[in-house]
Amino acid sequence: MSLITSSISVSLLLASTSLAAPIQDSLSSSTSPATGLYNLARRGFKAAPPVESEDDVFDASFAQAEIRRILSKYEDADKIIHNFHLPAHLEDLLHSNQLDQFSPALEAAFNGAAIQDVAGSRQATMPLTDDISGNLDVLYYGPISMGSQNQRMTVDIDTGSADLWVPVNCPDCAHPGYQADRSSTYRETGEDFSVKYGTGEVSGVQAQDRVSVGSLVVDNQYFGAVDQESDDFGNTPSDGLIGMAFSTVASSGQPTFFENLIHANKVAAPIFSLHLTRRKSTGSTLCLGCYDSSKAIGPVTWVPVTSMTYWAVSMAATQVNGNSVAMSKSITAAIDSGTSLIYVPQDIASAIYRQIPGAQRAEQKYGPGFWTYPCNSKLNIQFKFGGSFFALNPVDFNLGKTGSGSPTCVGGIVGMGDSFPDDLAIIGDEFLKSWYSVYDYSHGARVGLAPSVNSHA
């Protein structure tokens with residue numbers, strides 16, 4: 001594979017090494033489903049100026065709805081994370097002898113080199129749209145093609161789940177959905193499909209069809225053909241959702257789209273990378289099989305995955321302005337691009353806000369778990385994932401003012417109560433906007449974080 005270096009940060013990088021030996025894209029429907037399913041060196045940012053716009057007033061309705069979804073999505077997370085069993089197809093994939101063999105060029109890019117690849121046949125970049133509401137980047141979604149006619153559908157990119165689903169022949173759904181009768185390759189398996197999101201739910205049947213992103217194609221990809229959606233999805237801009245976590249947590253028990261690409265040796269490296277913009281509707285990307293060095297301003301720091309379920313890493317410590325936050329134990333942090341905010345156990349949230357002068361509980365106004373703080377606070381909040389600290393940009397921590405012209409703002413770290421596992425944190429887009437993130441199935445599974453171009457001072 002031809003690689004050339006460039007004098008500027010450009011384009012996409014991929015590895016030339018061969019990966020796992022190809023297998024059939026379609027895996028047997030007899031694969032047993034997982035049980036109890038579906039129900040990330042120290043660095044800092046300069047303290048950012050407070051939100052100045054009088055219109056940047058916090059609207060709690062979205063955050064309150066997201067809390068309900070989080071409680072349902074991670075309802076069984078404690079059991080899943082600590083007692084998981086790898087499906088046979090995933091175990092075979094992860095134990096491939098060739099999985100760790102990255103090209104020297106890719107390793108150089110991880111170390112901060114700007115390298116351009118001109119072949120690109122085993123990679124694809126999905127452009128993402130940032131759905132913005134007020135002061136929040138709500139979700140990031142992009143296009144896929146489905147079926148023999150390459151029908152275009154849009155899906156929310158979710159590293160916190162492992163199912164692909166879209167509406168199919170669903171007249172009451174918010175979006176027209178996939179027209180299965182136009183595809184000669186569509187078939188239903190006869191198995192039911194259902195996913196709950198707090199007060200929302202989608203249901204239908206399991207199906208298979210051709211799914212592609214750019215030149216990357218999986219035939220007979222399993223997905224949920226949804227024919228019923230609750231009203232919660234009425235304002236969602238995307239048609240459906242694509243899960244990018246390990247298939248250990250797939251409701252279907254089947255390999256994810258990306259795992260099938262790795263199995264079939266269709267990607268140049270067993271990685272995907274995610275760049276999320278800040279309050280810009282365009283510019284975000286999902287890089288499948290590749291790493292875009294133009295989206296980072298420094299090297300990648302790798303954090304081992306501790307549970308091949310979600311992209312789960314150890315969170316051993318937290319700091320606020322250099323002061324350690326009391327944590328009774330190390331907890332598991334799920335790196336979740338399908339979640340907007342950051343959620344931690346209530347005692348950790350309280351300990352964090354106690355380090356911020358003037359911070360106060362805001363339960364009466366916004367509900368349990370919310371705190372306010374002075375908008376003009378100079379903050380450096382850091383999380384220790386694995387052995388390294390990673391900073392949260394104060395701009396993203398600030399969810400907005402409590403009222404027009406108010407000197408008080410709402411914090412983006414939300415405390416979760418007794419119904420939430422006491423050893424789990426959910427690290428959402430609020431954090432990921434500052435870090436170009438890499439999700440690697442090799443080297444025992446790991447998450448890579450490089451300072452994003454969003455983090456230019």
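Biologist: Which residue forms a disulfide with Cys375?

Modeller: In this predicted model, the sulfur atom of Cys375 lies 2.0 Å from that of its partner, and the torsion about the S-S bond is 105°, a right-handed link. Cys375 sits in the loop between strand 19 (371–374) and strand 20 (381–385), while the partner belongs to strand 23 (residues 408–411), so the pair ties together parts that are 34 residues apart in sequence. The residue bonded to Cys375 is Cys409.

Biologist: Are Cys375 and Cys409 buried or exposed?

Modeller: A residue counts as buried when its relative accessible area is under 20%. Cys375 has a relative accessible area of 8%, and the value for Cys409 is 0%, so each of these two cysteines falls under that cut-off and is buried.

Biologist: How many disulfides does the structure hold, and what is the pairing of the bonded cysteines in sequence order?

Modeller: Besides the link of Cys375 and Cys409, there is a disulfide between Cys170 and Cys173, with sulfur atoms 1.8 Å apart, and another between Cys287 and Cys290, with sulfur atoms 2.0 Å apart. The structure therefore holds 3 disulfides. When the bonded cysteines of the protein chain are numbered in sequence order, the pairing is 1-2, 3-4, 5-6.

Biologist: Is the disulfide of Cys287 and Cys290 right-handed or left-handed?

Modeller: Cys287 is buried at a relative accessible area of 1%, and Cys290 is buried at 0%. For the disulfide of Cys170 and Cys173, the torsion about the S-S bond is about 75°, so that link is right-handed. For Cys287 and Cys290 the torsion is about -125°, so their disulfide is left-handed.

Biologist: How is the aromatic pair of Phe258 and Phe272 arranged?

Modeller: A pair of aromatic rings is described by the distance of the centres and the angle of the planes. A search of the whole structure finds 27 aromatic pairs, and in the one formed by Phe258 and Phe272 the rings are 5.3 Å apart centre to centre, with 75° between the planes. Phe258 lies in helix 5 (residues 257–263) and Phe272 in strand 11 (residues 271–275), 14 residues apart, and the pair links these distant parts of the chain. Since planes over 60 degrees apart count as such, the arrangement is edge-to-face.

Biologist: What is the angle between the ring planes of Tyr353 and Trp371?

Modeller: Tyr353 is buried, and Trp371 is buried too. The ring centres of Tyr353 and Trp371 are 5.0 Å apart, and the pair is stacked because the planes stand at 0°.

Biologist: Which residue lies over the face of Trp302?

Modeller: The position above this ring is taken by an arginine, at 3.6 Å from the ring centre. That distance is within 6 Å, the cut-off used for a charge over a ring. The residue is Arg446.

Biologist: Which residue forms a salt bridge with Asp292?

Modeller: Side chains of opposite charge can pair when their charged atoms come close. The closest N and O atoms of Asp292 and its partner are 3.1 Å apart, which is within the 4 Å cut-off. The partner of Asp292 is Lys295.

Biologist: Are Glu363 and Arg361 buried or partly exposed?

Modeller: The side chains of Glu363 and Arg361 meet in a salt bridge, 3.5 Å from N to O. Glu363 has a relative accessibility of 37%, and Arg361 has a relative accessible area of 47%. Both residues therefore count as partly exposed.

Biologist: Which residues are linked with Lys433 and Asp396 in a network of salt bridges?

Modeller: Lys433 and Asp396 meet in a salt bridge of 3.4 Å, N to O. The pair links distant parts of the chain, 37 residues apart, with Lys433 in the loop between helix 9 (429–432) and strand 26 (435–440) and Asp396 in helix 8 (residues 394–397). Lys433 and Asp396 are both buried. The network that holds them also includes Asp137 and Arg278.

How values were computed:
Residues are numbered from 1 along each chain as its sequence is written. This is a predicted model: local features need pLDDT of at least 70, side-chain atom pairs count only at pLDDT 80 or more; totals for chains, interfaces and linings use all residues. Side-chain values use heavy atoms; hydrogens and water are left out. A disulfide is a pair of cysteine sulfur atoms within 2.5 Å. Buried means under 20% relative accessible area, exposed over 50%, partly exposed in between (1.4 Å probe, protein chains only). Helices (H or I, at least four residues) and strands (E, at least two) are DSSP runs, numbered from the N terminus. Rings of Phe, Tyr and Trp (its six-membered ring) pair if their centres lie within 6.5 Å; planes under 30 degrees apart count as stacked, over 60 as edge-to-face and the rest as tilted. A charge sits over a ring if NZ of Lys or CZ of Arg is within 6 Å of the ring centre and within 35 degrees of the ring normal.
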